[in-house]
Amino acid sequence: MASKYVIAGPASQGLAVQVANLLKVPVIETEYKKFPDGENYVRLNVEDDSIFKDSEMIIIQTADYPQNDHLWELLYLISIAKRVGASKIPVVVPYLAYSRQDKVFRPGEAISAKLILQLIESAGATEFITIDIHAPEVFADMKIPAHSLDPIPLLAENLKSRKLTKPVVISPDKGSRDRSAQFAKLIGAELVLFDKTRDRITGEIEMQGDVKLDGRDVAIADDIIATGGTMATALKIAKKGGAKKLFALCSHALLIGNAVFKMGSIGCEIIATNAVNSPMSIVSVAPLIADHFKKP
Ligand code: R5P
């Protein structure tokens with residue numbers, strides 16, 4: 001019997017297999033369905049669950065859309081691991097849904113991100129791992145170790161493999177300045193700062209940035225592309241300023257609604273990690289996750 005297993009959550013099957021292969025440990029398939037009344041069901045596809053007693057069960061399950069289903073499946077998987085007697089239950093949630101609701105923005109709101117983390121912890125997780133968390137401050141109240149792994153070097157490696165002309169990295173808002181500075185350094189580009197404001201009620205954004213970018217290639221690296229509004233607005237300004245090739249890199253390609261069209265129609269290429277599955281998720285975070293578990 002193995003002492004370590006990777007459990008492939010329904011939302012991260014490909015990534016879980018990659019991680020298990022890198023760690024050279026068995027990967028366990030999960031069966032899942034939704035009952036006619038909308039309730040979730042999940043089960044480890046094994047004949048005998050006593051094999052997991054005293055083992056380490058690494059659960060990998062992202063929480064993109066439909067996020068509530070994916071979160072319930074995750075909670076069930078953690079509770080199964082606890083029930084079958086795993087000695088360690090590290091939980092990898094490559095994209096943590098609700099991570100942007102990390103504080104009270106308007107009176108009367110819930111701090112959803114913290115509640116989700118509390119649920120994961122109280123279900124039985126012994127460690128929490130995610131990729132590029134929106135705000136690491138959400139980990140502050142956690143009693144188990146929590147880590148946000150940094151995929152920016154992997155994204156930078158991908159972009160560096162292309163021939164870029166006098167590259168410029170644009171930071172679209174205050175929150176992305178550190179990430180953008182790190183990214184610019186890694187690809188050897190100049191850094192340009194834009195300013196974004198978002199209407200908390202309508203979600204509408206406004207952006208200020210005025211640059212001359214004649215013939216230069218422009219990249220933006222953000223944590224999340226959701227509606228694509230942030231990226232498209234910044235890249236339109238860059239294009240107006242004379243930019244040549246446009247790249248939108250992100251850790252989490254949620255690509256809601258017409259986000260792909262919005263960015264594609266201004267001639268931008270999207271490069272994302274497989275923390276969330278999408279046709280643009282070409283950079284695998286499996287080595288990052290596997291390396292975390294290889295550390296002594
Ligand atoms: C915001 O603070 C985040 O870092 C992203 O910039 C934002 O979530 C992207 O959302 P959207 O694609 O809808 O503009």
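Mentor: Before we name any element, note that helices (H or I, at least four residues) and strands (E, at least two) are DSSP runs, numbered from the N terminus. This is a predicted model, in which local features need pLDDT of at least 70 and side-chain atom pairs count only at pLDDT 80 or more, while totals for chains, interfaces and linings use all residues. Residues are numbered from 1 along each chain as its sequence is written, and side-chain values use heavy atoms, with hydrogens and water left out.

Trainee: OK, where is Pro-66 found?
Mentor: Pro-66 sits in the loop between strand 5 (56–60) and helix 2, and the peptide bond leading from Tyr-65 into Pro-66 is cis, with omega near 0°. Most peptide bonds are trans.

Trainee: And what about the phi of Asp-132?
Mentor: Asp-132 is not a glycine, yet it has a positive phi of about 45°, and its place is the loop between strand 7 and strand 8 (146–149).

Trainee: Switching to helices, at what angle do helix 2 and helix 3 cross?
Mentor: The axes of helix 2 (residues 67–83) and helix 3 (residues 112–123) cross at roughly 20° and come within 8 Å, where axes are lines fitted to C-alpha atoms, for helices over the stretch in contact, and angles run from 0 to 180 degrees between N-to-C directions. That makes helix 2 roughly parallel to helix 3 (angles under 35 degrees count as roughly parallel, over 145 as roughly antiparallel, 65 to 115 as roughly perpendicular and the rest as oblique).

Trainee: Which residues of helix 2 and helix 3 make the contact?
Mentor: From helix 2 there are Leu-71, Leu-74, Leu-75, Ile-78, Ser-79 and Lys-82, and from helix 3 Ile-116, Leu-119, Ile-120 and Ala-123, with contact meaning heavy atoms within 4.5 Å. By class, the contact of helix 2 with helix 3 has eight nonpolar, one polar and one charged residues (Ala, Val, Leu, Ile, Met, Phe, Trp, Tyr, Cys and Pro count as nonpolar, Asp, Glu, Lys and Arg as charged, and the others, Gly among them, as polar).

Trainee: How do helix 1 and helix 8 lie to each other?
Mentor: Their axes, for helix 1 (residues 13–23) and helix 8 (residues 286–294), come within 9 Å and cross at roughly 45°, and helix 1 and helix 8 are therefore oblique to each other. Among the residues that meet are Leu-15 and Gln-18 in helix 1, and Ile-289 and Phe-293 in helix 8.

Trainee: What lines the largest cavity?
Mentor: The lining includes Asp-132, along with Tyr-95, His-134 and His-252, and strand 7 (127–131) and strand 13 (218–225) each supply at least two of its residues.

Trainee: And the second largest pocket, how much space lies in it?
Mentor: About 220 Å³, and its lining divides into three nonpolar, two polar and five charged residues, including Lys-4, Glu-56 and Phe-293.

Note on methods. On a 1 Å grid over the protein atoms alone, a cavity is a set of points where a 1.4 Å probe fits but cannot get out, and a pocket is an open set with protein on both sides within 12 Å along at least five of seven lines; lining residues have an atom within 4 Å of a point. Grid points are joined across faces, edges and corners, and a volume is the space filled by probe spheres set on the points.
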